[in-house]
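Here are some notes to read alongside the model, written for someone meeting it for the first time. Take them in order, and keep the viewer open as you go.

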Amino acid sequence: MTLIAGDVQTVVRAESHLASIAVTGQQLSVVMPNGGVLSPSPVVTVSPTAAAIAHTFTANISASTVGEYQLEWRFTYSDGEIVDRKETRTCTYTDVGALVRRRLQETNGTLADADLDAEVWTVIRTLQDRFAALQIAGGYSGLTGLDQERFDWAVGLVTALKLRPGRAKSLPVGEVSQIKLGQSSFVYANGSAGTPLEQQWLQEAVISLGRVTVIQAQFQAAAAAFQPFKVSGPTRYAVQQGSVETLLGGVIRLLTDHWFLDASGENSNGDGGFQPVF
C-alpha cells in the first residue's frame with residue numbers, strides 16, 4: 001500500500017532463493033524526505049520463520065510527512081550471506097494508489113506499489129515544477145486543507161493517464177465498441193458520443209488542479225492581465241512564472257509533445273484547438 005502522511009502503513013518485501021534456507025536476521029532502515037532516518041527503526045517480521053525457498057518480510061511504517069522515502073532492507077541468512085535491498089516509496093496526503101488502480105481496474109497484485117510509486121512521484125514533481133506559485137508556497141509539502149485532496153486527485157488521474165496506454169483496456173466507457181468498415185461508421189459504448197476515456201479523466205484532473213488555491217490564483221492573475229485588443233507576446237515575467245500557457249495546456253504538455261505552434265514558436269492553442277496524442 002502506498003504510504004499516506006499521518007497514518008501507519010504496512011510495507012512488504014518478498015525474497016526467493018535457489019534452495020531452502022533460513023533467515024537469521026532482518027532489519028529495515030527508512031530515510032525520510034528531509035534526509036533523516038526514521039527512529040526507532042520499524043520492526044520487521046518474516047514468514048515463514050523456518051527454512052524455505054521463499055520468505056516474506058513485513059514492517060509497519062509511520063510516515064509523518066509527504067515526499068519520497070528510501071527503504072533500505074538487510075537480510076541475513078543461515079549460510080552467512082547478507083543481502084541488501086533498496087526501494088523508493090512515495091508518501092501522499094491521500095491514497096493516490098487506490099485511485100489509480102480503481103481507474104485502471106488493477107489490483108495490488110497486478111500493479112505493485114514499487115512500480116506505481118515511482119510514477120506518482122514523477123507526476124507530483126512535474127506538476128510542482130510546472131507552477132511557480134506552488135513552488136513559492138512550499139511545493140507539494142506546503143499544501144493545506146482541501147488543496148491536499150484536490151492536488152492528489154489530479155495526480156492520481158494524470159498518473160492513470162500515463163499508465164493506461166500500456167495496460168489492458170477492458171472498460172468500454174468512452175471507447176469504440178463497434179466499427180463498420182464498409183461505410184466507415186463508428187459506434188461508441190455507453191452513449192459517450194465518442195469522448196475517449198482518457199479525455200474524460202483529463203478534464204477531471206484539470207478541474208481538480210484548477211481548484212488548488214495557489215494555482216487558481218496564478219491563473220486568475222494571468223486572466224486579469226489578458227488584453228484582447230493589444231497584440232503582444234508574453235512578457236519575461238509571464239515566462240518566468242510559467243503563465244504562458246493556459247491551465248489545460250500546461251496539463252496536456254505533461255502527456256504529449258505534439259503541439260501546434262505559430263511561426264514565432266509560441267503556444268497558439270489558447271483555450272482550445274489542442275490536439276493531445278496519447
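1. Let us begin with the rings. This is a predicted model, and a search through the whole of the structure turns up four aromatic pairs. One of them is formed by Phe 57 and Phe 75, whose rings are stacked, with 3.9 Å from centre to centre and 15° between the planes. This pair links distant parts of the chain: Phe 57 belongs to strand S5 (residues 52-63) and Phe 75 to strand S6 (residues 67-77), and the two are 18 residues apart.

2. Are Phe 57 and Phe 75 buried or exposed? Both Phe 57 and Phe 75 are buried. For Phe 75, the relative accessible area is 0%, and buried means under 20%, so Phe 75 falls in that class.

3. Please look at Trp 73 next. Trp 73 and Phe 75 form an aromatic pair as well, and this one is tilted, at 5.9 Å centre to centre with 35° between the planes. Trp 73 has a relative accessibility of 1%, and it therefore counts as buried. Taken together, Phe 57, Trp 73 and Phe 75 make up one aromatic cluster.

4. Another ring worth a visit is that of Phe 131. The charged end of Arg 130 sits over this ring, 5.1 Å from the ring centre.

5. Now step back to the chain overall. Its secondary structure consists of eight helices and nine strands. The protein chain has 278 residues, and 39% of them are buried. If you take the contacts between residues at least 6 apart in sequence, 66% of these join residues at least 24 apart. The accessible surface of the protein chain is about 15,100 Å², and carbon and sulfur atoms account for 53% of that.

6. Two prolines deserve a careful look at the backbone. Ser 39 and Pro 40 are joined by a cis peptide bond, with omega at about 0°. You will find Pro 40 in the loop between strand S3 (23-31) and strand S4 (44-47). A cis peptide bond also joins Ser 47 and Pro 48, where omega is about -5°. Pro 48 lies in the loop between S4 and S5.

7. Which residue has a positive phi although it is not a glycine? Gln 105 does, with a phi of about 60°. Gln 105 sits in the loop between helix H1 (96-104) and helix H2 (113-130). Its relative accessibility is 48%, so Gln 105 counts as partly exposed.

8. Gln 9 is a further glutamine to check, and it is found in strand S2 (residues 7-21). Because its relative accessibility is 4%, Gln 9 counts as buried. Its side chain makes a polar contact with the side chain of Asp 7, at 3.0 Å.

9. How many of the 14 residues of H5 are buried? Ten are, so the helix is mostly covered by the cut-off of under 20% relative accessible area. Among the buried residues of H5 are Leu 197, Trp 201, Leu 202, Val 206 and Leu 209, and the list also includes Glu 198, Gln 199 and Ser 208.

Conventions: Residues numbered from 1 in each chain as written. Predicted model: local features only at pLDDT ≥ 70, side-chain atom pairs only at ≥ 80, totals over all residues. Heavy atoms only, no water. Phe/Tyr/Trp six-rings, centres within 6.5 Å; stacked < 30°, edge-to-face > 60°. Helix = DSSP H or I, 4+ residues; strand = E, 2+ residues; numbered from the N terminus. Buried < 20%, exposed > 50% of the residue type's maximum accessible area, 1.4 Å probe, protein only. Lys NZ or Arg CZ within 6 Å of the ring centre and 35° of its normal. Contact = heavy atoms within 4.5 Å. Areas by Shrake-Rupley, 256 points an atom, 1.4 Å probe, with all protein chains shown as cover. Polar contact = N/O pair within 3.5 Å; in protein donor to acceptor, adjacent residues only side chain to side chain.
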